[in-house]
Amino acid sequence: MTAPAPRVRALVHPVHPHPRRPDRVPRRPHPVGELTPRHPRAACSPARTAQSQLAARFAHRLVEVLTGHRPAGQLQRHTSLPGYQQLTALVRSGPLRPRGRLTAHRLGRVYDSAPTARALEVCVRVEFGPRHHMVAFRLERHRRTEQWQCTAVESR
């Protein structure tokens with residue numbers, strides 16, 4: 001004697017179609033082969049361009065110089081003369097030097113803007129525990145060498 005098969009209920013009930021509105025375009029189904037998993041915030045964050053990556057790398061090095069973890073001379077060849085003078089003045093005044101005990105710094109998000117094709121204006125937030133500072137700088141392409149140079153630095 002065979003046991004009766006268990007009764008299985010459907011998890012999804014058929015939906016009765018609503019009358020279609022004439023101004024509505026029907027949706028096409030997604031092709032099965034084109035679905036790829038993605039990060040949930042991938043649609044929210046902009047794609048990192050080469051200029052954005054350059055801005056982030058230079059911001060990291062600049063903050064290391066301003067906090068005293070790297071000598072200012074290492075950025076000399078990447079800055080114009082006025083930019084280097086501003087940088088050394090900031091290093092001497094020490095707005096980003098830790099007061100008292102040494103605390104680790106953390107870079108926040110790097111914001112960059114390209115007012116022209118040959119210039120980048122960048123701003124980054126630097127966190128020292130409960131204290132926060134902003135560092136802004138401008139990168140421009142050199143006329144002859146076409147390399148990026150920091151032409152202005154400011155910190156608050």
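**Exercise 1. Is Glu146 buried, exposed or partly exposed, and which residue does Glu146 pair with?**

Step 1: Glu146 has 35% relative accessibility, so Glu146 counts as partly exposed (buried means under 20% relative accessible area, exposed over 50%, partly exposed in between, with a 1.4 Å probe and protein chains only).

Step 2: Keep in mind that this is a predicted model, where local features need pLDDT of at least 70, side-chain atom pairs count only at pLDDT 80 or more, and totals for chains, interfaces and linings use all residues. Residues are numbered from 1 along each chain as its sequence is written, and side-chain values use heavy atoms, leaving out hydrogens and water.

Step 3: The partner is Arg118, joined by a salt bridge with the closest N and O atoms 3.3 Å apart (a side-chain nitrogen of Lys or Arg within 4 Å of a carboxyl oxygen of Asp or Glu).

Step 4: Arg118, at 36% relative accessibility, also counts as partly exposed.

**Exercise 2. Find the salt-bridge partner of Glu127 and say where both residues sit.**

Step 1: Glu127 meets Arg106 in a salt bridge, 3.2 Å from N to O.

Step 2: Glu127 lies in strand E2 (residues 119-128) and Arg106 in strand E1 (residues 106-116), so the pair, 21 residues apart, links distant parts of the chain (strands, E, are DSSP runs of at least two residues, numbered from the N terminus).

Step 3: Glu127 counts as buried because its relative accessibility is 16%.

Step 4: Now widen the view: Arg106, Arg125 and Glu127 are linked in a network of salt bridges.

**Exercise 3. How many salt bridges does the whole structure hold?**

Solution: A search finds seven. One of them joins Arg138 and Glu140, at 2.6 Å between the closest N and O atoms.

Note on methods
Helices (H or I, at least four residues) and strands (E, at least two) are DSSP runs, numbered from the N terminus.
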